[in-house]
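Please look over the sequence and the model before reading on.

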Amino acid sequence: MIYYKTAEEIELIRASSQLVGKTLGLVASMLKPGITGLEIDKAAEAFIRSHKGAIPGFKGYGDFPATLCVSLNACVVHGIPNKKEFVDGDVVSVDCGVLMNGYYGDCAYTFPVGDVPEKVMKLLRVTNESLYRGIDNAIVGKRLGDISYAIQDYAEKKHKYGIVRKLVGHGIGKNLHEEPEVPNYGKRGRGIKLKEGLVIAIEPMVNMGTKDVEQSKDGWTILTKDRKPSAHYEHTITVKKGKADILSTHKYVEEAIKNNINIKEVSLKNRIFADQI
Ligand code: MG
Ligand code: MG
């Protein structure tokens, strides 16, 4: 059953989601060749816990051992932070959740570390853009399939990348994962009607090559089957009339990237908004 949130609940989810955005901003300021997933994870956990009533949303969730999912290159999602140093040319997907005042926030960003080839930068830009194309459709009067279709149409049909099928976006609130599932592929005009109070995490996972993935032996890490790189961007949003309300934010990430010479901007400057198509 889908639980539609009250205005008060939405503000609590916004507060949690904003803290996730700030945490990702901290991560963005730290990233460079030579730093490890464990180091950013430690900093993220301390930062979240320094906010009254806030705890990491992923740590202990289904026995996940860390605050961040840190997924490198061919790792799509759910990577466990470790002692391996990032090297020039890595793409690092960082997914973070916060639980505060009884409500979750969830947000992710894929960072290019150092000099990443243009071919891979394009994968990042297209995935990031596909997220916003999905969000453009998260409005009253549309259906869930319109969000899914917009993401697939852009990333897969237009750019020939592989959209992961096995993992999907989700409702979010008192639980990290609630109904409905929000696939990154689907048909226009299908699925539930979108209405106010629906809060979902939209999170395209887009592979350079095949859409197929497999789970590594650690029981968590999801890898592309062909070991080509993958990207992942996520926002927690709520459906509104005319324009979705993005409850999480990449603002702090984007500000931090501007001041971090080791991370290139994943620019959406030429973005075409839905109302201009
Ligand atoms: Mg997430
Ligand atoms: Mg999520």
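The sections below treat the metal site, the salt bridges and a charged patch in turn.

## Metal site

In this predicted model, the magnesium ion (ligand 1) is coordinated by Asp-95, Asp-106 and Glu-234, at 2.0 to 2.4 Å, and along the chain its donors follow the spacing D-x10-D-x127-E. Asp-95 belongs to strand S4 (residues 91-100), while Asp-106 belongs to strand S5 (residues 103-112), 11 residues apart.

Asp-106 also bridges the magnesium ion (ligand 1) and the magnesium ion (ligand 2), which lie 3.2 Å apart. Both Asp-95 and Asp-106 are buried.

## Salt bridges

The count of salt bridges comes to 12. One of them joins Lys-59 to Glu-45, with the closest N and O atoms 2.8 Å apart, and it links distant parts of the chain, since Lys-59 sits in the loop between strand S1 (54-56) and strand S2 (68-72) and Glu-45 in helix H2 (residues 37-49). Lys-59 is partly exposed, at 36% relative accessibility, whereas Glu-45 is buried, at 15%.

Within helix H3 (residues 118-136), Arg-133 and Glu-129 lie 4 residues apart, about one turn of the helix; these two form a salt bridge at 2.7 Å between the closest N and O atoms, and both are buried. Elsewhere, Glu-11, Arg-14 and Asp-245 are linked in a network of salt bridges.

## Positive patch

On the surface, Lys-142, Lys-157, Lys-160 and Arg-188 gather in a patch of positive charge. Arg-188 is found in the loop between strand S8 (178-182) and strand S9 (199-202), and it counts as exposed because its relative accessibility is 56%, where over 50% is required.

Notes
Residues are numbered from 1 along each chain as its sequence is written. Chains are lettered from A and ligands numbered from 1 in the order in which they are written. This is a predicted model: local features need pLDDT of at least 70, side-chain atom pairs count only at pLDDT 80 or more; totals for chains, interfaces and linings use all residues. Side-chain values use heavy atoms; hydrogens and water are left out. Donors are N, O and S atoms within 2.8 Å of the metal (3.2 Å for Na, K and Ca); water is not among the atoms, so sites may look incomplete. Helices (H or I, at least four residues) and strands (E, at least two) are DSSP runs, numbered from the N terminus. Buried means under 20% relative accessible area, exposed over 50%, partly exposed in between (1.4 Å probe, protein chains only). Patches are made of residues with over 30% relative accessible area and no salt bridge: like charges are joined within 9 Å, nonpolar side chains (Val, Leu, Ile, Met, Phe, Trp, Tyr) within 5 Å. Accessible areas come from the Shrake-Rupley method with a 1.4 Å probe; for residues, only the protein chains shown count as cover. A salt bridge is a side-chain nitrogen of Lys or Arg within 4 Å of a carboxyl oxygen of Asp or Glu. Lys and Arg count as positive and Asp and Glu as negative; His and the chain ends are not counted. The place of a charge is taken as NZ of Lys, CZ of Arg, CG of Asp or CD of Glu.
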